[in-house]
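Hi,

Here is the structure I said I would pass on.

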Amino acid sequence: MLAKVQSGAVVGVDGLAVEVEVDIALGLPFFTTVGLPDGSVRESKDRVKAAIRNCGYEFPNRRITVNLAPADIKKAGAGFDLPMALGILAATETLKSVKLDQYWVLGELSLDGAVRPVRGVLPITLAARDLGMKGILVPEANKMEAAVVDGIDVIAVTTLHQAVEFLADKIECAPFRLDPATSFARARSHEVDFDEVKGQEHVKRALEIAASGGHNILLKGPPGSGKTMLARRLPTILPDLSFAEALETSKIYSIIGLLPEDMPLIATRPFRSPHHTISDAGLIGGGQIPRPGEVSLAHNGVLFLDELPEFKKHVLEVLRQPLEDGTVTIARANLSLKFPARVVLAVAMNPCPCGFYGDKRKECVCNPAQIHNYTSRVSGPLLDRIDLHLEVAALPFKEMSAERQGESSANIKARVDQTREVQRKRYARHTKVFCNGQMGPKDIRKYCVLDEPSTRLLEKSVEKLGLSARGYHRILKIARTVADMERSESLQLRHVAEAIQYRRMA
């Protein structure tokens, strides 16, 4: 007998339809799985066999062949346990159902027949809806994640027996409903705020520019000057995630298994701060079956690299493509995948190994060779891709002990939102550019026209600072953002002058 059960897998960050075909034939007892299964899928036979028997059903003592189609794509994970078990029961006519072709099925089975949660439910549910399926059977623990998707019935099951009874029309299971908008709004909150930061007004100004235009930023200063504290508050002044952006980001967290059970959507801009011992695959993604890395987990948010020179040089170099293209391309022999990686990059570093080079209060103990070796760990091409370069000085005692609070994130964000609205209207017809930091050469020529005094100032600065063509374009992007913050249609001399000062360290 032959039975077919519809299921799904994840390829990159998108769901893919997988048809689980089960054939039971005469012959010596044998269970084989074909269709490029990985180790966890091949092990399903033992879990499925035990689950079927422990739920009171008879396991066929025949030759069983399970095919996962399409057969040219690698299948991973334990999510095929439940569809395999249902396919075996349907092939032996223990399960007689006309619903089986209307639902996708996902779930890992325990030996007693309980259905355990799996990864990647959100993108698979989206794929099922787009293909016109009536519904999807998911583990109870994944129901909120799946219910974010509108237009498809989400049936949450806890055991194999419950899934069989539902598909056989012996019990009714009401589709789980969720109002994504309510959950989305309730989850928008931050644990930190800029009003906790005293002083450092020039850095706050630069961070506001970075948030307003989507620019990358480098903070350089002695230990304890507040670099990390300031960077951690950058997401609090970025514009709110749209529902489409939240869905896009949540898909990535679903694949990795980092989506909280009680929070079906990532509602705030992600902030990722990987340790400097991270590998290149951990940063941009990879593996035998490619998975997203930290840069993709920071998609639509902030990627913060603290102690930048401590990262391995080859690890930092892999950031070049994501910073330019907003995507990560991972090529393997049999496939090539793209992961989204549109981030605001914030990095922090000390000026020297001891951290006090140039500090007025504490003497540096490093010699010139040590300082050179330390700073040379970060390549010029990578620094060139960072728009704003800031010196963060140690905070004087009077400012540290002052009772007056700084400006709140809400106030700064209100200004950022207004500036982003100007850019949203400007790039309304553009499909790849949403803020000034994403402008290409053609957009720069169109929207960053300089008058004569600004041109002369910029020419002198490029010659004096030895800036590359990329550095020149970065200055124009920053100047455009500064002008937008003042609601100025044209770039003025003061806008260009402020932008230049943020490239003096380049």
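**Notes on the model**

The crossing of α18 and α21 is right-handed (the label applies if the near helix is turned clockwise from the far one by less than a right angle, and left-handed if anticlockwise). Before I go on, some housekeeping: this is a predicted model, where local features need pLDDT of at least 70, side-chain atom pairs count only at pLDDT 80 or more, and totals for chains, interfaces and linings use all residues. Residues are numbered from 1 along each chain as its sequence is written, and side-chain values use heavy atoms, with hydrogens and water left out.

Back to that helix pair. The axes of α18 (residues 409-426) and α21 (residues 469-485) come within 8 Å and cross at roughly 115° (axes are lines fitted to C-alpha atoms, for helices over the stretch in contact, and angles run from 0 to 180 degrees between N-to-C directions). That makes α18 roughly perpendicular to α21 (65 to 115 degrees counts as roughly perpendicular, under 35 as roughly parallel, over 145 as roughly antiparallel and the rest as oblique). On the α18 side, Thr419, Val422, Gln423 and Arg426 meet Arg480, Thr481, Asp484 and Met485 of α21 (contact means heavy atoms within 4.5 Å).

Arg480 also turns up around Cys448: leaving out residues up to four places away in sequence, Cys448 touches Met439, Asp443, Leu476, Arg480 and Leu491. You will find Cys448 in the loop between α19 (441-447) and α20 (452-465). Buried or exposed, then, for Cys448? Buried, with a relative accessible area of 6% (buried means under 20% relative accessible area, exposed over 50% and partly exposed in between, using a 1.4 Å probe and protein chains only). Lys432 is 16 residues from Cys448 along the chain, and their C-alpha atoms are separated by 18 Å.

**The chain overall**

The chain has 22 helices and 18 strands (DSSP runs numbered from the N terminus: H or I of at least four residues for helices, E of at least two for strands). Its C-alpha atoms fill a box of roughly 85 × 50 × 45 Å along the principal axes. Of the 506 residues, 52% count as buried. Among contacts with a separation of 6 or more, 75% come from residues 24 or more positions apart.

**Helix α2**

Which residues of α2 (residues 44-54) are buried? Ser44, Arg47, Val48, Ala51 and Ile52 are. They cover an arc of only 125° around the axis, which puts them on the same side of α2 (the arc is that of the directions from the helix axis to the C-beta atoms). On the face turned away from that buried side sit the exposed residues Asp46 and Asn54. The buried residues of α2 pack against α1 (39-42), α3 (81-91), β6 (108-109) and α6 (160-167).

With α3, the packing angle is about 55° and the axes are 9 Å apart. That makes α2 oblique to α3. Ser44, Arg47, Val48 and Ile52 of α2 make the contact with Asp81, Met84, Ala85, Ile88 and Leu89 of α3. This crossing, of α2 and α3, is right-handed. Just after α2, Gly56 takes a positive phi of about 90°.

**Strands**

An open sheet of five strands runs in the order β11-β14-β17-β10-β18, with parallel pairing (two strands pair if DSSP finds at least two bridges between them). Its edge strands are β11 and β18 (388-391), each pairing on one side only.

Strand β14 (residues 302-305) is covered on both faces, with Val302 and Phe304 buried on one side and Leu303 and Leu305 buried on the other. Two bridges link β14 in parallel to β11 (residues 271-272): Phe271 has Val302 as its bridge partner, and Arg272 stands opposite Leu303. Four bridges join β14 to β17 (residues 344-349), again parallel, and there Phe304 stands opposite Ala346.

Val10 has Gly15 of β2 as its bridge partner. The hairpin of β1 and β2 has two residues between the strands, and Gly12 there takes a positive phi near 70°.

Cheers
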